[in-house]
Amino acid sequence: METDDGCRGVQGATLHAVSSAVLAVTRHLSVHEVLQVIVRAAAQLLDARYAALGVPDDEGSFAEFVVAGVSDEEWERIGPLPRQHGMLAAMLKSDTPKRLGDIRREPEFEGWPVAHPVLKDFLGVPIRDGEDVLGIVFLANKQTPGGFTQDDEDLLTLFAAHAAIAMTNARLYEHNRELTVVAERNRLARELHDAVAQKLFSLRLTARTASALAERDPARTVRELEQVERLAAEALAELRAVIFELRPTDLADGLVASLRKHVDVLDRAHEATVRIAADEAVVLPEEHEAVAFRITQEALYNALRHARAGNVEVRLGTEDGRAVLEVADDGTGFDASDTEPQGGLGLASMRDRADSIGGELTIDAAPGKGTTVRLEVAL
């Protein structure tokens, strides 16, 4: 007979396992990452050979279906995402946990692909947000003898409640990120209108002037055409810069790799030399990396567009336990005491971004002596 101390020990170990699984899920922000971690955590928590999580769509299939315990080669042989039929459809309709000793004996067991792994004992639990079913987590083939128990069902139900919170948070995070992207694009659209449109208008007027003077003043016509060429080059540079900023930012490979790609493209797109010196070991939280990248992007844009720099260098390293990111150029510079120089350099925006992650942004600049933008943030 098990003692009270023994029961408390088992309960403590169970709660620790659930806590560890929940923490593993909540550390991730993207919906797809959360789904993958939920599946792996559920399989580990209940010692299941196979695990899956299906997120239903409105068309009789699954918007996403992630698995654990199945190799990429096996999954490719299984075929396309499962439709909502058989046991999957029964789970969605009943909206309650399902625990079976042998799924193959159930009337709903049908439509399984030939290449699908052999399943026996089965446990399925809905992941709910109020009345809404966000998904269903399925486990099969418990690796310890005896199949899934009532305790297993209770444990997975508890874990599913926490998984629902993580999925909801991830969706909100992605939605907020989409709103941020929209705001950035609106800002760039305004810049496109203010800068490029103005130059194109001037170019058109200058071309008309050159056409009117062509016969009676050839010398001035040549000067006007040179002005047309200069304005066209500036407009092209503006378009390149704005279009490049509209490219989606992908930080999946980390901050350093993304900065290298960004610098490489800018170096090829502009006459200026753009270089980077970065410590590969510098790794920041995802939100901090996104902010650091945006600040770098803004500083590079200023150096190439406003300062007309011939050389720009991005530097990333560490000092006294803090990550230090610098963008230095040899351009025209400006009076650093001016909080927002004429023409707008987005300095307020960069400072706001730095403040949002507890970082410190400093600007070292002087007329004719270039500019260095420096971001420091805790590792």
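I started with one spot: I127 stands opposite G135, a residue of strand 5. A reminder to myself before going on: this is a predicted model.

Next I looked up the two strands around that spot. Strand 4 covers residues 122–129 and strand 5 covers residues 132–142. I found them paired in the antiparallel sense, with eight bridges between them.

Then I asked myself: in what order do the five strands of the open sheet lie? I read the order as 2-1-5-4-3, with antiparallel pairing. Strand 2 (62–68) and strand 3 (98–100) each have a single partner strand, so they stand at the edges and one side of each lacks a neighbour in the sheet.

On to the rings. I counted two aromatic pairs in the structure. One of them joins F122 and F138, and I logged it as tilted, with 6.1 Å from centre to centre and 40 degrees between the planes. This pair links distant parts of the chain, as F122 sits in strand 4 and F138 in strand 5, 16 residues apart. Are these two buried or exposed? Both F122 and F138 turned out to be buried.

Last, I stepped back to the whole chain. I noted nine helices and ten strands. Of the 379 residues, 42% are buried. The chain exposes about 20900 Å², and carbon and sulfur atoms supply 52% of that area.

Methods
Residues numbered from 1 in each chain as written. Predicted model: local features only at pLDDT ≥ 70, side-chain atom pairs only at ≥ 80, totals over all residues. Heavy atoms only, no water. Pairing = 2+ DSSP bridges. Helix = DSSP H or I, 4+ residues; strand = E, 2+ residues; numbered from the N terminus. Buried < 20%, exposed > 50% of the residue type's maximum accessible area, 1.4 Å probe, protein only. Areas by Shrake-Rupley, 256 points an atom, 1.4 Å probe, with all protein chains shown as cover. Phe/Tyr/Trp six-rings, centres within 6.5 Å; stacked < 30°, edge-to-face > 60°.
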